[in-house]
Amino acid sequence: MITNEFTTMKIQIEGKTRHRARKIPVLLWLAVAVAMAPTVYADGTAATSPARFKSLDQEAQTLKQDVMELNRDLLALEEELLFPASTQVAVFVSMDVGALFELDSDEIKLDDKVVAHYLYTQREIEALRRGGVQRLYLGNLRTGKHELVAFFTGKGPHDRDYRRGATVEFEKQTDPKYIELQIKDVTRNLQPEFSVKEWQ
Amino acid sequence: MFERPPTSRNRQTARRAALCACALLAAGGTAGASRGESQQVKDPHYGEVLFYFYQQQYFSAITSLLTSQQLQRINHHRDEAELLLGGMYLSYGLHREAGRIFQRLIDAGAPPELRDRAWFYLAKLRYQRGYLTEAEDAIGRIRDALPGELEEERQLLQAQLLMARQDYRDAAVVLGRMHGRSAWAQYGRYNLGVALIKAGDSAGGSALLEEIGRQPAVGEELKSLKDKANVALAYTLLRDDAPAPAQAHLERVRLDGLLSNKALLGLGWAYSAQNQYERSLVPWTELHKRPAIDPAVQESLLALPYALGHLGAYQQSLRQYEEAINVYSNEMERLDDSIASIRDGKMIEDVLQHDPVNEMGWFWRMQNLPDAPESRYLAHLMAGHDFQEALKSYRDLRFLAQNLDHWANTIGVYDDMLATRRQAYAQRLPAVVQEERARDLTALAARRDRYAAELARIENADDVMALANDKERQLQARLDKVETTLARLGNREDVTQARDKYRLLHGLLYWDISSDYRPRLWQAKKELKEIDRELAQTRERQEALRRAQVDAPRSFEGYAARIAQLRGRVAGLQSRVQAMSSAHARYLEDLAVAELTTQKERLAAYLTQARFAVAQMYDEASNAGREVKQ
């Protein structure tokens with residue numbers, strides 16, 4: 001507290017000559033008093049008025065919206081152009097709970113050719129655990145029969161290194177094909193399970 | 001602007017708010033809960049949106065969601081997706097669009113908890129952006145108590161909105177309902193106390209500040225608030241010519257707190273007002289040692305010689321005034337330099353120097369003051385609400401500019417891709433057409449019909465032997481030869497045994513084939529179906545090829561037109577973003593320059609007073625000299 005610190009402090013004053021009161025700058029401290037007090041929203045000057053910020057804010061909102069819609073249209077074009085529905089195949093990864101398996105990386109082979117290999121960050125693992133689904137691969141395949149093999153690497157129960165695979169044979173037709181690789185905890189035997197789901 | 005909980009608390013709250021605002025949907029659905037608690041993802045692309053969302057990559061989440069909505073592949077999550085979008089729009093300051101989405105969902109019968117949360121976050125953002133009427137409208141739509149601390153925050157927000165239109169009575173009623181010990185309630189009371197004093201109700205305001213200033217405080221936040229209350233109260237008392245009680249309040253302020261300078265200055269004035277000039281030297285001398293950038297320190301440079309003058313130490317007083325003049329002049333020069341530097345656009349560069357351009361959003365806050373000379377003059381402004389809001393918007397625009405630059409560079413790839421596809425189409429088409437033509441579909445269909453007719457005949461006639469396999473046909477051929485030979489030999493006795501053997505073998509062969517007749521017939525029909533399927537596929541392929549010959553060129557033209565149109569939009573938006581960034585930068589610069597100009601004007605006033613005091617002292621000395629001579 002201020003009082004404890006200063007009650008015993010002395011300031012040296014040079015020889016006093018005479019006491020004659022001069023004009024006191026009485027309003028000095030008012031500047032600070034006003035400065036420290038809170039103020040409600042004021043009109044401000046023209047240069048910094050809330051109306052000017054509001055106008056900027058309105059325009060910025062419209063602009064942000066327009067850029068997001070542009071991104072939407074560009075992404076849709078990209079997908080339609082590079083991955084037409086007739087040949088599109090997408091592979092997703094999801095995780096249910098994920099307590100029995102700490103995913104480190106995965107790899108996908110399509111028709112015996114490695115098409116994706118992915119190393120996960122902790123943030124991505126958390127996102128998967130919370131219900132997010134990662135689109136691990138987006139590509140093109142001809143219609144007909146194909147084989148997908150996925151390998152998952154990480155830590156299993158008791159912190160042991162774990163590598164498991166899952167295989168699916170599927171038929172690619174003329175509509176987009178979505179395949180989800182699911183990592184699930186099986187509480188019955190306290191082991192992780194890796195399964196494949198074909199979306200219709 | 002009203003007092004807010006300090007930054008650390010703001011950050012925590014912002015993090016919580018980020019989770020809550022964007023996970024408004026926790027009230028209505030999927031996100032915000034663990035997988036175990038959440039609804040099942042019924043469209044993988046909605047799960048993909050959540051994947052970005054949970055990593056706080058809100059821009060990617062929004063664009064992914066908008067794309068999937070456009071491609072109609074998250075139809076099972078239509079409402080949740082809208083809610084998530086509304087929350088994320090809110091996180092980007094798009095309160096107008098977020099409001100429209102929330103209103104639409106509420107009109108469609110969203111659950112009350114969701115409705116109330118949505119309006120709360122909308123009210124909060126509108127208040128922060130200065131849309132007070134719209135914020136009041138939003139907060140007025142909340143019907144039930146919000147969960148946990150959110151309710152206290154809501155009450156504080158409501159009180160702040162009432163105070164903003166000087167309705168202190170209703171603000172006091174709202175704050176009175178808040179739990180007495182919570183930090184939100186304390187901040188609310190502090191703001192109300194100060195507002196009441198400003199509105200002329202000193203007694204009402206002082207009572208509130210007195211309560212905060214006296215009660216024991218735990219934690220830095222509440223200790224700091226206690227200091228603020230004591231300082232505010234003390235200055236009010238000083239203004240009302242009550243220095244003794246003001247002194248008591250100032251002595252409660254911590255010496256190492258953020259308000260210690262103001263408290264020391266006020267304490268000096270409280271002593272002076274009681275004619276205790278010597279005592280007033282103690283806090284002012286302490287202030288004198290502190291950095292001259294602080295307004296309280298600047299004022300103490302004048303206050304100290306003023307007290308010394310009262311004590312008759314004129315030489316010392318004169319030296320102090322001269323030192324003050326020197327300090328003020330130097331500070332004013334520095335302020336001029338800082339204003340020039342700001343006008344050169346260096347301030348914003350410095351502020352965002354270490355900020356990665358990887359996301360944008362409402363919850364972002366500047367973490368550290370930039371390492372620049374003007375920062376020390378602008379710390380208060382930069383921590384303030386107006387500057388932060390405009391800075392966030394500027395930062396968002398910077399992110400958008402980068403995003404548009406990326407597209408401007410990428411869109412050329414689409415042209416290349418389209419050209420490649422056109423070329424590949426042109427190269428492959430003749431070969432494919434030729435190959436398809438080589439498949440004489442009419443001849444194939446005729447062969448299929450002959451096969452089907454033969455199968456029908458076999459079935460109708462029960463022609464078992466027609467379904468014999470190759471080996472059986474060879475055997476049959478051999479038996480036919482034997483039969484021919486036997487016929488040529490006539491009825492000779494010596495071939496009777498051979499004839500019997502022939503009959504036995506023929507019977508045996510017939511038996512073998514006829515016992516397998518039904519399965520063979522079924523197999524033959526299956527093969528017919530397979531032929532039909534393959535013929536249908538060939539027809540489809542030929543039809544697709546025919547369509548493709550018509551559609552592909554049109555599709556190429558369509559893509560080319562879309563690419564051209566999108567390229568134009570990218571360029572147009574790049575210009576708009578650049579213009580808007582410049583407008584924001586100018587606004588921020590104007591805010592900073594206005595702040596520095598105010599500081600300069602204050603220093604100019606101090607400088608005038610110091611010069612006046614010096615002149616007065618010389619006058620008095622000169623007059624005293626003349627008096628002595630006379």
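I looked up Asp590(B) and found 15% relative accessibility, so Asp590(B) counts as buried. My cut-offs: buried is under 20% relative accessible area, exposed is over 50%, and partly exposed lies in between, using a 1.4 Å probe and protein chains only. This is a predicted model, where local features need pLDDT of at least 70 and side-chain atom pairs count only at pLDDT 80 or more, while totals for chains, interfaces and linings use all residues. Residues are numbered from 1 along each chain as its sequence is written, chains are lettered from A and ligands numbered from 1 in the order in which they are written, and side-chain values use heavy atoms, leaving out hydrogens and water.

Which residue forms a salt bridge with Asp590(B)? I found Arg52(A), with the closest N and O atoms 2.7 Å apart. A salt bridge here needs a side-chain nitrogen of Lys or Arg within 4 Å of a carboxyl oxygen of Asp or Glu. Asp590(B) sits in helix α24 (residues 517-629) of chain B and Arg52(A) in helix α3 (residues 50-82) of chain A, so this pair joins two chains. I noted that Arg52(A), at 23% relative accessibility, is partly exposed. I also saw a network of salt bridges linking Arg52(A), Arg343(B), Glu589(B) and Asp590(B).

Over all chains, the search of the whole structure gave 48 salt bridges.

Next I checked Arg104(B) and Glu82(B), whose side chains form a salt bridge at 2.5 Å, N to O. Arg104(B) belongs to helix α5 (residues 95-107) of chain B and Glu82(B) to helix α4 (residues 78-91) of chain B, so the pair ties together parts 22 residues apart in sequence. Buried or partly exposed: which is Arg104(B)? Arg104(B) is partly exposed, with a relative accessible area of 43%, whereas Glu82(B) is buried at 15%.

Then I turned to Lys392(B) and Glu389(B), which make a salt bridge at 2.9 Å, N to O. Both lie in helix α20 (residues 385-438) of chain B, three residues apart, about one turn of the helix. Both Lys392(B) and Glu389(B) are buried.

**A pair of helices in chain B**

I looked at how helix α6 (residues 112-128) and helix α7 (residues 132-139) of chain B pack: the angle is about 165° and the axes are 8 Å apart. Axes are lines fitted to C-alpha atoms, for helices over the stretch in contact, and angles run from 0 to 180 degrees between N-to-C directions. α6(B) and α7(B) are therefore roughly antiparallel to each other, a label for angles over 145 degrees. Which residues meet here? Among them are Trp119(B) and Tyr127(B) in α6(B), and Leu132(B) and Ile139(B) in α7(B).

**Chain by chain**

I counted helices and strands as DSSP runs, numbered from the N terminus (helices: H or I, at least four residues; strands: E, at least two). Chain A has four helices and eight strands, in the order α-α-α-β-β-β-α-β-β-β-β-β. Chain B has 24 helices and zero strands.

Of the 200 residues in chain A, 47% are buried; of the 630 in chain B, 52% are.

Terms used
Angles under 35 degrees count as roughly parallel, over 145 as roughly antiparallel, 65 to 115 as roughly perpendicular and the rest as oblique. Contact means heavy atoms within 4.5 Å.
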